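Please find below a colleague's note on the structure, arranged as numbered points. The points begin with a backbone detail and then pass to chain contacts, sheets, core and helices.

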Amino acid sequence: MGREFLEGNEAIARGAMKAGCDFFAGYPITPASSILHYMLELVPAIGGTAIQAEDEIASMGFCIAAAMAGRKVLTATSGPGISLYSENVGLAIMGETPMVIVNIQRQGPATGSATKGAEGDIQFTRWVTSGGLPIVALSPATVGEAYELTYRAFNIAEQYRTPVFILANKEIGVTRESVDLDAIELPPLVKRKKVPKGNEYLPHYFERLTDVPDISDFGGNHIARFTTSTHDKTAYLTTNPEIIQEMIDHYAAKIDEAADDMALVREDLEDGAETLIISYGIISRSAAVTVQEVRSRGEKISSLVLQTLWPVSKAAITKAMDGVKKVIVPEMNMGQYLLEIERLAPPGVEVIGVDRMDTKLVSPAEILEKGGLL
Amino acid sequence: MSATEYKTYMTDKIGPLPFCPGCGHHMLIKALDKALIKLQLDPKNVVVVTDIGCIGLSDRYFITNAFHGLHGRSITYACGLKLARPELTVIALKGDGGCGIGGTHLLNVARRNIGITLLVANNFNYGMTGGQHSVTTPTGGVTSTTPWGNVEGPMDLCGTAIAAGAAWVYRGTVFDKKLPDMLAQAIEQPGFAMLDVWELCTAYYSPRNQIKKKELEALLDSYGFKTGLLVDNPRAEYSVHYREAYETGKSVIKKKTKIDTKFDNSVRKQTGIVIAGSAGQKIKSTATLFAEASMYSGLDATQKDDYPITVMTGHSIAEIIVSPERIDYTAIDEPDYFIVISEDGLRRARARIEKLPETCTLYAEETLELPDTKARIVRLPLNETAKKVGRLSIAVVALSAVLVDTGLFPVEAFGTAISAFQKKKIADINLKAMEAGSELLNA
């Protein structure tokens with residue numbers, strides 16, 4: 001136990017190591033590069049491999065294959081790199097590959113402001129690859145949460161055989177904070193369920209659509225198959241529309257139906273409050289100051305902070321919105337998660353986005369003003 | 001190891017190979033099967049990796065492990081498998097199309113010498129998408145995208161791989177009787193081995209260009225390309241080299257120094273401190289020590305930095321917040337203390353300094369010409385003092401002076417952080433700088 005002064009990127013690396021990560025491939029990009037540096041220091045020390053790949057496409061290629069060969073895998077980049085990860089994210093979904101992908105978001109589009117923060121990749125992450133299947137993404141608000149959520153992301157990846165995104169921000173990745181990582185409570189480590197030796201291995205076997213197929217690693221006890229193409233439970237190609245639909249339903253259902261299990265939120269709800277702030281990431285901390293300010297005036301206000309962005313934590317959001325008249329959604333983009341809140345808001349509830357994308361944090365003063373809380 | 005003798009590594013479970021009549025892929029796959037039969041490897045330890053293109057349909061016809069990925073990326077998956085489990089035999093199959101879109105992977109696997117075998121089914125066009133031209137289409141070759149004859153020059157795949165440092169490279173046609181043996185040799189190489197195998201696409205390239213076996217061989221001659229084993233120059237395989245390099249070069253991972261509260265503080269609210277200087281003045285690292293000192297004094301802290309991408313030049317600005325309570329909002333809209341120690345820092349921070357509130361104290365190197373500001377100004381001989389104790393310690397001088405003036409927390413806490421986190425030689429200089437800085441406003 002004891003405090004350290006750490007940047008979020010180091011906390012992410014340490015969270016990954018705590019989760020047993022033993023493979024990393026990545027390509028340098030501001031502001032995510034230091035994750036590559038930390039992993040190059042930490043992973044070989046436990047006998048694993050960390051490598052700088054020739055580009056982001058190779059990073060993902062290395063990682064997906066290593067994950068299917070039994071490694072616990074992390075990769076990290078920023079928004080422009082996610083563009084290049086895109087096709088392989090689809091492959092990871094198709095092959096039900098457990099892996100964790102970090103996006104230290106920076107102001108975009110394109111090269112944008114490489115050293116400045118933003119959260120412009122929220123909907124991009126949701127629809128990051130062709131096919132439109134569900135995505136899992138967690139968003140840390142502090143250096144401590146960067147550690148905790150990276151660890152939890154590995155658990156989700158292993159439990160559901162799925163890629164999981166950490167949607168952080170330059171404002172967390174390369175900001176240092178006083179933090180005691182050892183004081184953070186973590187759930188037990190989840191390991192992928194393996195097919196016992198001697199049993200037949202069907203790489204995508206499920207009975208109910210929501211089942212997560214047990215896995216056998218390449219180089220393990222069974223002959224393994226993996227394919228980018230439409231396949232059946234045996235991972236052989238199929239053109240049978242019924243089987244194709246069943247597989248798609250399975251990929252969707254195993255994530256969608258687990259949304260409540262994956263829902264990580266921080267609720268600070270006040271009985272009788274008519275205003276609710278829904279926030280995530282670094283801006284949830286501006287929201288926290290706003291809430292304090294409003295309450296110091298003797299007024300009521302509720303706050304819901306989302307750590308899980310995808311799948312949408314519908315139950316928690318709906319519960320928090322119950323009885324309120326106004327929902328304020330502050331974001332470091334042009335109003336992206338606002339769309340999800342608008343979708344879920346009961347009729348008559350006013351939903352107000354407080355956005356900026358000029359590299360500056362949305363300030364508590366701005367939330368007060370644009371949210372009509374002055 | 002296995003008691004079974006494998007008479008084939010192919011399965012007929014999913015029917016015959018799906019290739020067009022006369023397509024070279026039939027012979028190529030048969031050659032690979034023969035090579036595997038010769039080597040008698042345990043199918044569980046072999047992975048056939050493919051990507052998109054007709055040849056990419058073949059992995060599933062083997063009784064080995066099979067990995068079928070995105071167009072042109074088979075090398076990346078093969079490398080990932082090999083890096084994760086160096087004991088696996090990994091064979092990547094790729095078309096000439098894949099060598100175009102995935103060209104960088106070819107260069108890099110050759111350069112790194114990752115121990116996979118790359119088998120290129122080179123038939124000069126994209127058979128799967130309608131016979132478009134590829135990076136190996138001969139000049140003048142007719143394809144669906146070069147209807148008047150290809151005006152581009154063909155890429156010498158072997159020459160490219162050799163230039164990139166490939167350890168073992170072979171070129172031939174699919175009609176070469178030695179092909180299975182060469183494939184077996186390739187698979188046995190510890191490092192990267194590549195075979196560029198020229199063949200016929202009977203659906204598109206061959207009929208459009210009247211190419212059969214004889215013309216294919218004549219085409220090779222016309223390029224002046226050598227055939228057979230072109231390079232056999234073994235060197236350490238990547239994973240072996242990686243581990244050796246790590247074992248010899250590794251630095252001991254230091255146990256992280258934890259920070260306990262050892263001092264008091266007088267900070268009653270979230271307090272923002274900005275220090276603006278130049279690259280090379282150790283602004284960032286000194287700000288970190290200052291924040292760590294505040295933690296030794298029981299405070300919470302955050303730090304953000306602003307500096308150009310070209311790190312050795314221009315400004316360097318650090319923003320530190322110290323607070324007796326959890327810090328939520330990490331921006332400093334109205335600094336409590338602003339320290340400017342160089343022209344670079346002043347230039348970058350000028351607009352901000354002009355807007356400083358009257359509650360802010362601005363500590364400035366005495367020689368700087370400051371803009372108008374409402375902040376209380378304290379001028380300090382920072383350069384002159386730093387010249388005496390060490391040029392690189394100017395930020396320590398400045399922050400020590402600020403600590404003495406503000407009494408936020410004891411300057412001894414700064415000394416504790418310096419001693420805990422810096423190498424002794426540097427710490428000694430910085431401790432002297434701290435003393436010198438502490439004197440500046442003591443009188």
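1. The model is a predicted one. B:Gln40 counts as exposed because 12 C-beta neighbours lie inside 10 Å, and a residue with 12 or fewer is classed in that way. The phi angle of B:Gln40 is near 50 degrees, which is a positive value in a residue other than glycine. The location of B:Gln40 is the loop between helix H1 (24-39) and strand E1 (46-50) of chain B.

2. A:Ala110 is not a glycine, yet its phi is positive, at about 55 degrees. The residue sits in the loop between E5 and H5 of chain A. Since A:Ala110 has 7 C-beta neighbours inside 10 Å, it counts as exposed.

3. One runs from A:Gly108 to A:Pro109, with omega near 5 degrees; A:Pro109 belongs to the loop between strand E5 (99-105) and helix H5 (122-126) of chain A. Another cis bond joins A:Trp310 and A:Pro311, where omega is about -5 degrees. A:Pro311 is placed in the loop between strand E13 (308-310) and helix H11 (314-321) of chain A.

4. Turning to the interface, 51 residues of chain A are in contact with 50 residues of chain B. On the side of chain A that touches chain B, the elements that each supply at least two residues include strand E1 (4-7), helix H3 (56-68), helix H4 (79-94), strand E8 (176-179) and strand E9 (225-227). The largest share of that side comes from H3(A), with eight residues. By class, the side of chain A that touches chain B comprises 24 nonpolar, 14 polar and 13 charged residues.

5. Strand pairing also links the chains. E9(A) and strand E2 (residues 65-68) of chain B run parallel and are joined by three bridges. Within this pairing, A:Phe226 has B:Phe67 in E2(B) as its bridge partner. E8(A) and E11(B), by contrast, run antiparallel and are joined by two bridges; here A:Arg176 is partnered by B:Gln303 in E11(B).

6. What is the strand order of the open sheet of eight strands? The order is E1(A)-E8(A)-E11(B)-E12(B)-E10(B)-E13(B)-E14(B)-E15(B), and the pairing is mixed. E1 of chain A and strand E15 (376-380) of chain B are the edge strands, each pairing on one side only. On average, neighbouring strands of this sheet are turned by 20 degrees against each other, direction ignored.

7. Inside this sheet, strand E11 (residues 300-306) of chain B has five of its seven residues buried, so the strand is largely enclosed by the rest of the structure. E11(B) pairs with strand E12 (residues 315-323) of chain B in the antiparallel sense over seven bridges, and B:Asp300 stands opposite B:Ser323 in E12(B). Elsewhere in the sheet, strand E10 (residues 271-278) of chain B runs parallel to strand E13 (residues 337-340) of chain B, with four bridges between them. In E13(B), B:Tyr337 is the bridge partner of B:Ile273.

8. The largest nonpolar core has 254 residues, and those with the most contacts inside it include A:Val100, A:Val102, B:Leu81 and B:Ile275. Beyond four places in sequence, A:Val100 touches several residues, among them A:Ala16, A:Leu74, A:Phe154 and A:Ile166. In soluble globular proteins, nonpolar side chains tend to be buried together.

9. The axes of helix H2 (residues 74-84) of chain B and helix H4 (residues 103-112) of chain B come within 8 Å and cross at roughly 35 degrees. B:Ile75, B:Thr76 and B:Cys79 of H2(B) make the contact with B:His105, B:Leu106 and B:Val109 of H4(B). The residues of this contact are divided into four nonpolar, two polar and no charged.

10. B:Ser239 lies in helix H9 (residues 238-249) of chain B. Is B:Ser239 buried or exposed? B:Ser239 counts as buried because it has 20 C-beta neighbours inside 10 Å. Leaving aside residues up to four places away in sequence, B:Ser239 touches B:Lys82, B:Leu83 and B:Pro86. The C-alpha atoms of B:Ser239 and B:Pro86 are separated by 6.9 Å, although the two residues are 153 residues apart along the chain.

11. Finally, the domain assignment of chain B gives domain 1 (24-245) and domain 2 (271-440). The C-alpha centres of these two domains of chain B lie 59 Å apart.

Notes
Residues are numbered from 1 along each chain as its sequence is written. Chains are lettered from A and ligands numbered from 1 in the order in which they are written. This is a predicted model: local features need pLDDT of at least 70, side-chain atom pairs count only at pLDDT 80 or more; totals for chains, interfaces and linings use all residues. Axes are lines fitted to C-alpha atoms, for helices over the stretch in contact, and angles run from 0 to 180 degrees between N-to-C directions. Two residues are in contact if their C-beta atoms, placed from the backbone, lie within 7 Å. Ala, Val, Leu, Ile, Met, Phe, Trp, Tyr, Cys and Pro count as nonpolar, Asp, Glu, Lys and Arg as charged, and the others, Gly among them, as polar. A nonpolar core is a set of buried Ala, Val, Leu, Ile, Met, Phe, Trp, Tyr and Cys residues joined through C-beta atoms within 7 Å. Two strands pair if DSSP finds at least two bridges between them. Domain bounds come from an automatic or database domain assignment.
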